[in-house]
Amino acid sequence: MARPPGLSVRVRLTLSYAGFLMIAGVLLLAASWVYLMRDAPLRTLVPDFSNLPLALNPRNRGPAVFGPVAAAMLLFLLVFGLVGGWILAGRMLAPLTRITDATRKAATGSLAHRIELEGRNDEFRELADAFDRMLERLEAHVAEQQRFAANASHELRTPLAVSQILLDVARSDPDHDTDRLVERLHAVNLRAIDLTEALILFSRAGQRSFARERVDLSLLAEEAAESLLPLAEERGRTIETSGDVAAAVGSHPLLLQLTTNLVHNAIVHNLPDDGTVWITTGAHDGAVTLTVENTGAPLSPRQVSTLTEPFQRGVDRVRGDHEGAGLGLAIVTSIAQAHDGTLTLTPRDTGGLRVTVRLPAAPPDAG
């Protein structure tokens with residue numbers, strides 16, 4: 001936005017300091033002048049600068065000497081106020097100059113620098129610290145987006161490259177098995193579609209562009225368990241649901257996707273035989289919780305800390321029919337954050353993982 005040129009803040013502060021000093025000096029000297037000349041004729045109230053040399057004589061103490069001396073003092077105060085105000089304003093605005101320089105660097109795309117303003121806490125240092133925290137979050141967000149874009153490109157390129165290879169092999173082999181080729185292309189295409197839909201869901205959750213309604217997490221847990229029961233039975237897993245009514249406000253499809261992803265991961269990443277998945281809901285302290293636990297291999301805290309990264313597929317994960325796109329927990333995290341909630345992952349002492357989603361509870365009058 002174009003703005004007309006104006007005085008800098010330093011000049012305005014300098015004029016403000018000098019003006020305040022002059023006003024205070026005028027009032028003080030005027031009061032003294034009126035007091036000294038209270039019995040003198042009116043014409044003597046106007047100072048005569050020709051009497052200024054008389055001030056050098058120590059025996060001259062009358063009002064005729066005070067007038068020009070007062071005027072000279074005001075002139076001195078004006079010069080002193082301008083010079084001192086300029087220096088003082090420069091020292092006071094030095095932190096603002098550093099913040100401005102850091103802002104210009106950030107505008108060019110450089111997010112690695114920090115202001116790190118030293119000294120005691122004041123308004124400028126609070127602003128500098130807030131700006132440093134903003135730069136830190138922006139740098140982390142940009143790095144995360146770059147990793148996500150690189151991983152998404154790699155994941156999307158894989159099924160396309162596989163399809164190209166299958167078609168090249170079929171073209172070079174006139175006696176190829178057409179049915180087998182179509183089946184393999186169909187599987188590769190389904191994987192690409194699943195990945196694309198996961199990316200769309202991930203973006204939608206991050207933008208918070210959804211309608212909100214009252215949602216009971218206990219009903220979502222039962223719905224997710226029922227829909228994934230065939231997969232659990234196929235892999236020899238047992239699903240157990242329990243808990244109380246846990247009403248939140250949010251998107252029913254997104255929260256159902258969150259619950260389904262958690263239960264799906266708990267089923268897939270489990271013991272080879274006789275694995276168990278526990279789904280629990282609850283409400284307390286103004287919040288509702290959804291907890292999904294499973295048996296499985298022991299996990300270290302370092303391994304658990306990477307599971308919510310996009311395209312992370314867990315430990316010893318092999319590609320299979322239910323592998324997914326590697327966005328399961330990343331989507332869960334995005335949905336939870338879009339609902340002002342939190343996601344906590346904790347390794348179980350006996351093996352497996354405990355995942356807890358905590359969301360704000362719906363008010364009693366929410367429709």
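Which residue in β5 is the bridge partner of T280? In this predicted model, that partner is T291.

**The strands**
- Strand β4 covers residues 275–284, and strand β5 covers residues 287–294.
- These two strands run antiparallel and are joined by eight bridges.
- Together β4 and β5 make a hairpin, with two residues between them.
- Look at D285 in that turn: its phi is positive, at about 55°.
- β4 also pairs with strand β2 (residues 237–243), this time in the parallel sense and over seven bridges.

- Helix α7 spans residues 252–268, which makes 17 residues.
- From its first C-alpha to its last, α7 reaches 24 Å, close to the 24 Å expected at 1.5 Å a residue.
- Most of α7 is covered, with 14 of its 17 residues buried.
- At the start of α7, a side-chain oxygen of S251 comes to within 3.3 Å of the backbone nitrogen of L254.

**A closer look at T238**
- You can find T238 in strand β2.
- T238 counts as partly exposed because its relative accessibility is 41%, and partly exposed lies between under 20% for buried and over 50% for exposed.
- Leaving aside residues up to four places away in sequence, T238 touches G275, T276 and V277.
- T238 and N294 are 56 residues apart along the chain, while their C-alpha atoms are separated by 9.7 Å.

Definitions and conventions
Residues are numbered from 1 along each chain as its sequence is written. This is a predicted model: local features need pLDDT of at least 70, side-chain atom pairs count only at pLDDT 80 or more; totals for chains, interfaces and linings use all residues. Side-chain values use heavy atoms; hydrogens and water are left out. Helices (H or I, at least four residues) and strands (E, at least two) are DSSP runs, numbered from the N terminus. The expected span of a helix is 1.5 Å times one less than its number of residues. Buried means under 20% relative accessible area, exposed over 50%, partly exposed in between (1.4 Å probe, protein chains only). A polar contact is a pair of N or O atoms within 3.5 Å; within protein, one must be able to donate a hydrogen and the other to accept it, and residues adjacent in sequence count only if both atoms are side-chain atoms. Two strands pair if DSSP finds at least two bridges between them. Contact means heavy atoms within 4.5 Å.
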